[in-house]
Amino acid sequence: MNPIEIAPGVYDVGVTDWNIRDFHGYSTDLGTTYNAFLVVDEKIALIDSVKKEFADALIDNISRIVDPRKIDVVISNHTELDHSGSLARIMHRIGEDKPLYCSKMGAKNLVRHFPQKWNYQAVGSGDELKLGRRTLAFLETRMIHWPDSMFSYLKEDGILFSSDGFGQHYAGPERFDDEIGDRIMVHAKKYFANILLLYATHIEKLIRQVAEMKLNLRMICPDHGVIWRSDPGKIVKAYLNWCRQEPEKKAVVIYDTMWHSTEKMAEAINAGIMAEGVPSKPMHLRAWHRSEVMTEVFDAKAVVVGSPTLNNNLFPTVADFLCYMKGLKPKNKIGAAFGSYGWSGEAVKLIENELTGVKIELAQAGLKVQFVPERPNLDACHEFGRKIGRAVSGP
Amino acid sequence: MERYVCQVCGYIYDPAQGDPDNGIAAGTPFAKLPDSWECPVCGASKADFTKEA
Ligand SMILES: [Fe+2]
Ligand SMILES: [Fe+2]
Ligand SMILES: [Zn+2]
């Protein structure tokens with residue numbers, strides 16, 4: 001994309017990655033963007049960079065505004081390579097001795113990515129950098145998304161550069177929230193559910209701290225997706241809400257199947273849940289990407305997981321999902337396990353162990369069916385689903 | 001001896017191990033860590049730690 005002036009003298013010089021479909025194991029069906037920002041004042045500051053393979057595009061974008069060699073300072077809000085990957089090219093182009101501002105943890109982590117002896121300027125919350133008419137204030141925001149993460153705030157303009165925070169993996173013609181409207185929220189939610197959920201409690205505290213600073217926030221510029229300019233409070237409120245993890249009255253039935261038996265059970269259970277007036281969706285783990293399933297789990301009250309028994313074990317895709325969910329530690333959920341088996345049937349117990357291991361409370365004992373479920377088995381699955389439905393809709 | 005968990009990043013301070021990279025000998029209880037000690041993973045302060053449940 002071409003650079004856009006988002007405020008007088010402030011430019012988005014980032015790039016669009018239209019073709020990425022797998023972002024370190026997160027499905028990006030529409031692609032994503034790596035945003036980077038240029039503030040042109042008496043000093044010229046570049047805030048964040050982009051993935052390494054887009055370095056040329058970033059430099060080209062900068063060149064459309066100023067000669068890149070005129071950049072005086074670089075700010076690295078986050079060490080992860082989607083935002084630092086082009087640093088080597090940038091620093092080489094603008095001068096290896098130019099100051100590189102980052103958090104204390106950023107200075108520690110960047111040296112583990114780049115061997116160059118750069119002029120690191122480690123800053124902490126409350127530190128400021130005068131650019132001329134404008135001032136950048138820094139705020140450490142550990143674990144949004146790494147220990148090194150920080151926000152930079154352009155005080156006079158009320159623009160918050162929030163790195164991964166408030167981001168969305170979305171590539172499209174729109175660059176601002178008002179251009180896309182509420183359609184962006186599902187992408188923001190997916191990002192939160194898959195990238196930030198584990199740190200929800202900590203993020204809530206951090207947002208409250210920021211709220212107490214009473215910033216005159218006019219725009220939030222994340223490093224992925226659209227810029228929040230029409231109502232930056234909206235995404236902040238959404239985050240506070242998501243951090244509390246109060247589930248909706250809905251369920252999700254996650255499963256895989258070998259000869260359609262566990263699938264039949266999944267659909268009967270799902271129908272039973274819905275018979276109690278609770279929305280529910282069956283998600284086959286080879287039809288849905290784990291990050292889509294996680295987004296659905298994020299705001300569901302009930303997580304029902306089914307697996308056939310394969311070689312006395314879980315089916316691999318089910319193990320994959322349970323491992324993924326375990327890391328993200330969703331809260332306030334109930335669950336149950338089910339599955340078809342041939343002769344041994346260990347999978348259901350293994351699922352239950354994983355669910356209770358992440359403090360998902362079992363709504364009832366697991367349901368096993370040997371080989372192919374018949375009508376009475378499917379009726380039992382339906383009843384199993386109804387019980388979950390009642391547990392979700394109940395007080 | 002009790003272990004303490006960083007509420008920011010999840011790092012666990014185990015007194016049996018100490019934090020030798022940062023000059024804390026094995027066997028140092030959490031309470032004896034200097035106030036200047038920080039989480040070796042994320043840099044959070046001692047106040048951000050709670051006793052392991
Ligand atoms: Fe990140
Ligand atoms: Fe990122
Ligand atoms: Zn920590």
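Start at Glu352(A), which sits in helix α12 (residues 347–357) of chain A. Helices (H or I, at least four residues) and strands (E, at least two) are DSSP runs, numbered from the N terminus. This is a predicted model, in which local features need pLDDT of at least 70 and side-chain atom pairs count only at pLDDT 80 or more, while totals for chains, interfaces and linings use all residues. Residues are numbered from 1 along each chain as its sequence is written, chains are lettered from A and ligands numbered from 1 in the order in which they are written, and side-chain values use heavy atoms, with hydrogens and water left out.

Glu352(A) is buried, with a relative accessible area of 10%; buried means under 20% relative accessible area, exposed over 50%, partly exposed in between (1.4 Å probe, protein chains only). Select its surroundings next: not counting residues up to four places away in sequence, Glu352(A) touches Ala337(A), Leu362(A), Gln364(A), Ala365(A) and Gly366(A). Contact here means heavy atoms within 4.5 Å.

Select α6 (residues 185–196) and α8 (residues 232–244) of chain A, which pack at an angle of about 45 degrees with their axes 11 Å apart. Axes are lines fitted to C-alpha atoms, for helices over the stretch in contact, and angles run from 0 to 180 degrees between N-to-C directions. On the α6(A) side, the residues in contact include Met185(A), Tyr191(A) and Leu196(A); on the α8(A) side, they include Ile235(A), Tyr239(A) and Trp242(A).

Among the buried ones are Val293(A), Glu296(A) and Val297(A).

**The iron ions**

Select the iron ion (ligand 1). Its protein donors are His78(A) (NE2), Glu80(A) (OE), His145(A) (ND1) and Asp164(A) (OD), 1.9 to 2.2 Å away. Donors are N, O and S atoms within 2.8 Å of the metal (3.2 Å for Na, K and Ca); water is not among the atoms, so sites may look incomplete. Asp164(A) bridges this ion and the iron ion (ligand 2), the two lying 3.6 Å apart. Glu80(A), in the loop between β9 (73–75) and α2 (81–84) of chain A, and His145(A), in the loop between β13 (135–140) and β14 (150–154), are 65 residues apart. Both Glu80(A) and His145(A) are buried.

**The zinc ion in chain B**

Finish at the zinc ion (ligand 3), where Cys6(B), Cys9(B), Cys39(B) and Cys42(B) donate through SG at 2.3 to 2.4 Å. Along the chain, these donor residues follow the spacing C-x2-C-x29-C-x2-C. Cys9(B) is buried, with a relative accessible area of 18%, and Cys42(B) is also buried, at 0%.
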